[in-house]
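Work through the exercises below with the model in view. Try each task before reading its solution.

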Amino acid sequence: MLPWTVRRTRLPLLSLRCADCGSGSATTGEGRFRVNANGKLLHVWLLVRCTSCNRTSKLAVHERAPVGSLDPAELDGYHANDPALVASRLLDPLLARRNRFTLDWTGAWLLDTPAARLDEAWPVRVEVTFEDPVPVRPERLVARGLGLSRNEVRRRIKCDVPLRRTTGAGFTFVVMPED
């Protein structure tokens, strides 16, 4: 079995309308949080920047949260602008839904494939794993990894997930020999 891994190369862009210039994308830049105390309540925001005009906006991570309700290590991560915490919050689907943005993964991932010869033993079984939930169509991923056309992928690949439906979870497939 050949292992393939889909890895994130950078944080994805956010599809988020800018209030100033109307651009449709933003970035987290270096990944910064803003923590503001209002009495015994905390507000935590993830700061994002428009890719066109550099206007800074805030995405609400926690609003009016009691200080005791947050894990002390998590709160320290917000104060230190921990990159792993930035990535986990940005990839959180609840945060995306609450703040009305989607992720644009274009150019933000790569496919690691081992150097293996496909002409030796047939059929070849491949297991694809995802380090982050990168939405990709298995048909395009397999075509890129094997250097095949998508028509040839449909003919030669036996897969446990629909090839034309976007997925962000691991799957396996079998490459059949050419006819």
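**Exercise 1: the sheet**

Leu 14 stands opposite Leu 103 in β6. The model is predicted: local features need pLDDT of at least 70, side-chain atom pairs count only at pLDDT 80 or more, and totals for chains, interfaces and linings use all residues. Residues are numbered from 1 along each chain as its sequence is written, and side-chain values use heavy atoms, with hydrogens and water left out.

Task: find the order of the strands in the sheet.

Solution. Start with β2 (residues 13-15), which pairs with β6 in the antiparallel sense over three bridges. Strands (E, at least two residues) and helices (H or I, at least four) are DSSP runs, numbered from the N terminus; two strands pair if DSSP finds at least two bridges between them. Next, read the open sheet of five strands: β5-β4-β3-β2-β6, with antiparallel pairing. Finally, check the edges. β5 (56-66) and β6 (102-104) each have a single partner strand, so one side of each lacks a neighbour in the sheet.

**Exercise 2: the cysteines**

Task: count the disulfides (pairs of cysteine sulfur atoms within 2.5 Å) by this rule.

Solution. Take Cys 18: its closest cysteine sulfur, in Cys 53, is 3.6 Å away, too far for a bond. Cys 50 is in no disulfide either; the nearest cysteine sulfur, that of Cys 21, lies at 3.6 Å. The count is zero.

Task: is Cys 50 buried or exposed?

Solution. Buried means under 20% relative accessible area, exposed over 50%, partly exposed in between (1.4 Å probe, protein chains only). Cys 50 has 4%, so Cys 50 is buried. Cys 18, at 10%, is buried too.
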